[in-house]
Amino acid sequence: MWVWLIFLIMFAVPVASAQTEEPDSLTDMTLQEVVIKAPRVIRKADMDLYYPSKSATDNSANGMQLLGNLMIPSLTVDDALGSIKASGQSVQVRINGREATIDQVRALLPETIKRVEWIDNPGLRYGGANYVVNFIVSNPTLGGSLMASGHPALNTAWGRYVADVKFNSGRSQWEAGAHYKMTNRLKSHRDYEETFTYPDGSSLTREESSRGGVMDNSMISAWASYNYLKPDTTVLVVDFGLFHKLNDRFLYDGVLSLSDGSDDILLTDSHGDKGTTPSLSVYLEQHFSRRQTLIMNFSSSFYFGNTYSDYLERLPGAGAYINDIHTDIHDRNQAYAIEADYIKNWQNGRLTAGATYTANRNRSAYASLDGAVFHQRQNKVYMFAEYFHRFGKWTATAGMGVQYNDFVFAESGRGTHTWSPRPQATITYSPDQNHNIRLNFTSWQSTPTLAETNVIPQQLDGFQWRVGNQNLKTANSYMMTLRYGFNLPRVSGTFGVRAFSSPNAITPLLRWEGDRLLTTYENSHGLRNLSFFLAPQIEIVPEWFTVSGYLQYRLERMSGTDYLFHHNAWSGSLAAQVTHWGFVLSGRYMSADHDLWGEKISWGESVNMIDLSYNWRSWQFMAGILMPFGKYDQGSRSLSKWNRNEQHMRLDMRMPYIQISYNFQWGRQRRGAEKLVNTDASADRSTAGGR
């Protein structure tokens with residue numbers, strides 16, 4: 001019934017006069033246009049601007065907490081688990097226009113955040129992102145800042161720790177920071193049942209009873225950066241990062257009961273990975289006369305690591321194994337990218353054009369197959385042009401991108417290449433200051449991953465195998481969204497409808513080859529879905545009690561080789577926050593999406609939490625509990641006619657925790673470097689077998 005709580009509160013709120021808040025001046029690169037003003041949000045044609053209130057800033061210890069305190073309706077901010085999602089999908093995070101990590105957001109001082117830009121229809125220069133959150137941050141000209149935070153659980157070996165320091169001198173700023181995330185032997189369980197149907201019509205059911213398991217997931221990251229800002233002329237940013245996954249291991253023990261009456265089987269299923277990824281980015285932005293800007297961005301990353309899986313089956317009391325399957329892959333992968341963009345502004349218009357080249361060089365060695373080596377080379381070229389214009393109460397954006405993808409597999413000498421257009425358009429109508437209607441069409445491409453094209457067979461269990469497909473083609477996706485944004489006394493929000501189509505989506509495909517059930521990949525006949533959504537934010541008691549939420553209903557249709565499925569489901573989130581006398585009491589609940597993809601329905605984390613925080617000078621103290629209600633459940637259900645199964649992964653996530661944060665800054669404030677684009681160069685990783 002929680003789903004209806006949003007509606008009940010929304011229509012029960014008494015009418016009150018809307019307050020107005022004068023925003024800070026926008027940057028020179030922001031087009032001057034008609035805006036919609038509200039106490040918490042200013043709606044523009046291409047984004048919503050959230051200006052943190054004094055209360056939100058005072059009750060935040062870092063950028064993640066401030067983002068949560070803004071309570072953007074469709075956004076789910078989970079500081080405890082380290083994730084930012086919108087409508088169950090990933091969100092691209094940026095700081096002053098450049099792509100950033102969750103760790104870097106945690107390192108932001110709330111006092112330095114001028115505003116947060118929420119973009120739910122990113123343009124072509126965002127590279128196909130679903131959503132974008134951009135923090136506009138100012139930096140001191142003198143002095144520096146220090147931020148440190150510890151976030152341990154009280155009943156298990158789980159926690160997050162972060163520290164960051166910045167030093168400023170004139171036009172220069174130096175930064176260094178580190179983040180450590182620990183999960184050690186967290187108890188877990190798996191419920192698993194599957195039915196195999198053979199080509200002759202006979203079937204076998206295997207039911208797994210859990211004997212327990214553990215999950216390890218610990219990692220450390222560090223970063224250092226330098227930026228130079230000469231106002232209105234030059235911006236230089238150099239970033240260096242190092243990410244090291246200490247251990248990511250899932251270990252399950254269970255008992256298999258078979259429907260053919262044979263003896264029960266003891267099984268152990270373990271998989272994981274670890275590795276190191278250093279990265280480097282250099283960004284240069286140069287302003288010219290007549291409101292012209294040229295931007296250059298180079299980035300690179302390397303991945304050195306290994307991924308493994310072990311699957312063991314034996315009869316109780318037996319010394320020998322029925323099945324003893326090991327996969328061990330050692331990766332040495334590289335990625336490079338360079339981007340150049342040109343921006344020209346007029347009084348009522350803006351032209352953006354650019355080109356990006358990305359190169360991936362992957363080398364995978366299979367220790368479990370006598371050192372067999374697999375090489376893959378990927379090249380991607382992306383060019384686009386986009387124009388924005390304002391016509392009174394109307395604004396319009398139209399653009400075209402073209403993407404070229406090339407794959408070459410060294411051992412087989414095979415390869416593919418494709419050209420794909422990426423049109424995009426948006427039109428917005430704002431009849432007055434409290435309402436706007438926006439229609440957006442966007443498209444993007446998804447390239448086959450290293451795991452999907454790897455033709456070296458991997459055994460999953462006694463008779464299941466997986467092998468990639470080197471004939472895969474780049475998949476196209478198209479989405480059209482109609483949304484209505486409104487600002488009423490104490491209530492603001494958005495509701496709308498979204499249509500999505502991916503006519504040649506890359507999906508898994510199951511088929512029998514002799515006595516083996518093989519999982520491979522295909523360009524399917526396509527996925528189509530239609531979503532209806534509502535995202536309100538409600539000030540029940542101004543500055544004291546606020547709720548926000550997101551509610552979505554989605555209908556889906558998926559078809560591929562020999563299958564056609566229909567699916568529909570509700571999903572959503574709800575957040576409530578009470579602020580008074582320096583205390584902040586927050587509660588959050590998220591019901592995960594159930595996504596149909598290929599012949600499988602998958603669902604992510606459905607979580608809830610409650611916490612209470614208090615600020616004192618430069619310190620913040622917090623206590624809370626993760627998953628106080630219900631059980632953690634993440635899993636999937638296969639709909640294949642050859643293998644119907646349902647899997648639930650359950651963790652002991654009912655964890656009380658505390659957090660102690662300290663932030664301190666010195667020096668005068670000014671607006672810092674604002675990066676307008678960020679080129680992505682992410683090294684690929686292999687995936688080992690696993691059920």
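Residues are numbered from 1 along each chain as its sequence is written, and side-chain values use heavy atoms, with hydrogens and water left out. Because the model is predicted, local features need pLDDT of at least 70 and side-chain atom pairs count only at pLDDT 80 or more, while totals for chains, interfaces and linings use all residues.

The protein chain has five helices and 41 strands; helices (H or I, at least four residues) and strands (E, at least two) are DSSP runs, numbered from the N terminus. For 691 residues, a compact globule would have a radius of gyration near 26 Å, and the 26 Å of the protein chain agrees. This radius is taken over C-alpha atoms, and the globule rule is 2.2 Å times the number of residues to the power 0.38. Of the 691 residues, 55% count as buried, meaning under 20% relative accessible area (1.4 Å probe, protein chains only).

Turning to the sheet, three strands form an open arrangement in the order β3-β4-β5, with antiparallel pairing; two strands pair if DSSP finds at least two bridges between them. Since β3 (75-78) and β5 (89-90) stand at the edges with a single partner strand each, one side of each is left without a neighbour in the sheet. Four bridges join β3 to β4 (residues 83-86), and Val 77 has Ile 84 in β4 as its bridge partner.

Helix α3 (residues 63-70) lies across β3 and β4, running at about 145° to β3. Such angles run from 0 to 180 degrees between N-to-C directions, with axes fitted as lines to C-alpha atoms, for helices over the stretch in contact (heavy atoms within 4.5 Å). Seven of the eight residues of α3 are buried, among them Met 64, Leu 66 and Leu 67. At the N-terminal end, Asn 62 caps α3, with a side-chain oxygen 3.0 Å from the backbone nitrogen of Met 64. Met 71 follows α3 and has a positive phi, near 55°.

The largest nonpolar core has 26 residues, and those with the most contacts inside it are Leu 67, Leu 75, Trp 118 and Phe 135. A nonpolar core is a set of buried Ala, Val, Leu, Ile, Met, Phe, Trp, Tyr and Cys residues joined through side-chain atoms within 4.5 Å. Its largest share, four residues, comes from α3. Apart from this core lies another, of 20 residues, including Ala 80 and Phe 250.

How values were computed:
Buried < 20%, exposed > 50% of the residue type's maximum accessible area, 1.4 Å probe, protein only. Polar contact = N/O pair within 3.5 Å; in protein donor to acceptor, adjacent residues only side chain to side chain.
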